[in-house]
Amino acid sequence: MSNNTTISVKLTEPLVAAYYPLALVIIGTLLNLLTLIILCRSTFRDTKKQPIIHYMRAIAIFDIFMLYGWNLDHYLSIKHGFILLTYSIATCKIFGFLNYFAGQSSAWLRVFISFDRYLSASRLRRPWCSREKGVLIIISCIIILVTLFNLHFFIFACFYRSNGTVNPNAQLYKIYPLWDYINLGVYNCVPFILMVIFNSGVIYHLIKRRQTRIIQQSHIQHRAISITLVITTFLFLIMTIPATIVAAFFFTTPTTSLAKILDSALYTYHITSFPLYLITFKEFRRECIKMVTCKNNNRRIVPAQVAIATTRIPNQL
């Protein structure tokens, strides 16, 4: 019986390791596209009054890109015997760049959502960086800076070995594991620290003002906001940082079962926006139900006259 169980586990593990990443690609793409579609509906179309929606849309797009790098390679390597990173020089450069660009962009967009909510909770007037033009400038700067930061993949990375196979490193220097060490800081540690700081600041200001007239008039759901902030930061901690640490310092060939589990958890994080918004974001949930039930919706969210009330949408995230 013990031998049969061991054999069954050995046969099942490769199937799970192969098809779970494929399931993430399919389900994650659909959920993030659905998130993007809902955020483009009439309720969220007035981005001048709720500019944080731009961040949420951008995150949905980059979370889709995130699933088509190493995650897809896990499936391809097991089921088809090749990976996009070493399939050709072109795919090597593109997906080598995408593996870091998508995750880092997504992480820093989340940082600036936290920063935006902190400004909304701590100030009565919305500063320029929390207005639509400022948000679009910040998103553009994030994309440009992260692109430049990883541009060396297109310039130096990938070359043919003497036997005709593709080496994803550069001839002038070794990209791996150097860039994994750097990615640990840029994608995980620094964003996590900043999210903790900003989210703690949001919770502090909401607790400080929860009994004041400002909070009562803006209809801010103090408990819901605090729970959402804690969940987002906690999920980022437990689902992304362990996998990046293993990739940077404990990577082995072949990949261990623990590394595969942690890697799956990392990519699973990038499909959690839809269920998290659905659970904690009342307007998103209402719009989703209306879309599923094919009900027309001409209602738009109109902010209250109190300045902080104009941040009702981001504060419910």
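Welcome to the tour: the protein chain you have open holds 13 helices and 2 strands. Helices (H or I, at least four residues) and strands (E, at least two) are DSSP runs, numbered from the N terminus. The model is predicted, so local features need pLDDT of at least 70 and side-chain atom pairs count only at pLDDT 80 or more, while totals for chains, interfaces and linings use all residues. Residues are numbered from 1 along each chain as its sequence is written, and side-chain values use heavy atoms, with hydrogens and water left out.

**The whole chain**

Begin with everything selected. Of the 317 residues, 50% count as buried; buried means under 20% relative accessible area, exposed over 50%, and partly exposed in between (1.4 Å probe, protein chains only). Contact means heavy atoms within 4.5 Å. Among contacts between residues at least 6 apart in sequence, 76% join residues at least 24 apart.

**Stop 1: H2 and H4**

Now select helix H2 (52-66) and helix H4 (residues 89-122). Two packed helices are described by the angle between their axes and the distance between the axes. Here the axes of H2 and H4 come within 9 Å and cross at roughly 160°. Axes are lines fitted to C-alpha atoms, for helices over the stretch in contact, and angles run from 0 to 180 degrees between N-to-C directions. H2 is therefore roughly antiparallel to H4. For angles, under 35 degrees counts as roughly parallel, over 145 as roughly antiparallel, 65 to 115 as roughly perpendicular and the rest as oblique.

The crossing of H2 and H4 is left-handed. A crossing is left-handed if the near helix is turned anticlockwise from the far one by less than a right angle, and right-handed if clockwise. To see the contact, show side chains including Ile 59, Phe 62 and Met 66 of H2, and Leu 98, Leu 109 and Ile 113 of H4. By class, the contact of H2 with H4 has 14 nonpolar, 3 polar and 4 charged residues. Ala, Val, Leu, Ile, Met, Phe, Trp, Tyr, Cys and Pro count as nonpolar, Asp, Glu, Lys and Arg as charged, and the others, Gly among them, as polar.

**Stop 2: H4 and H5**

The crossing of H4 and H5 is right-handed. Among the residues that make the contact are Phe 97, Trp 108 and Phe 112 of H4 and Ile 138, Ile 142 and Val 146 of H5. The contact of H4 with H5 has 12 nonpolar, 3 polar and 1 charged residues.

Next, pick Arg 123, in the loop between H4 and H5. Arg 123 is partly exposed, at 44% relative accessible area. Draw a C-alpha to C-alpha distance from Arg 123 to His 205: they are 82 residues apart in sequence and 9.5 Å apart in space.

**Stop 3: Asn 150**

Asn 150 is buried, with a relative accessible area of 0%. Its side chain reaches the backbone oxygen of Val 146 at 2.9 Å, and a polar contact of 2.9 Å joins the side chains of Asn 150 and Trp 179. A polar contact is a pair of N or O atoms within 3.5 Å; within protein, one must be able to donate a hydrogen and the other to accept it, and residues adjacent in sequence count only if both atoms are side-chain atoms. Not counting residues up to four places away in sequence, Asn 150 touches Phe 97, Tyr 100, Phe 101, Gln 104 and Trp 179.

**Stop 4: Thr 47**

Thr 47 sits in the loop between helix H1 (2-39) and H2, and is buried at 8% relative accessible area. The side chains of Thr 47 and Glu 132 are joined by a polar contact of 2.5 Å.

**Stop 5: two backbone details**

Most residues other than glycine have a negative phi, and most peptide bonds are trans. Cys 158, in strand E1 (residues 157-160), has a positive phi of about 75° although it is not a glycine. Then find the cis peptide bond joining Tyr 176 and Pro 177, with omega about 5°. Pro 177 is in the loop between strand E2 (166-170) and helix H7 (178-209).
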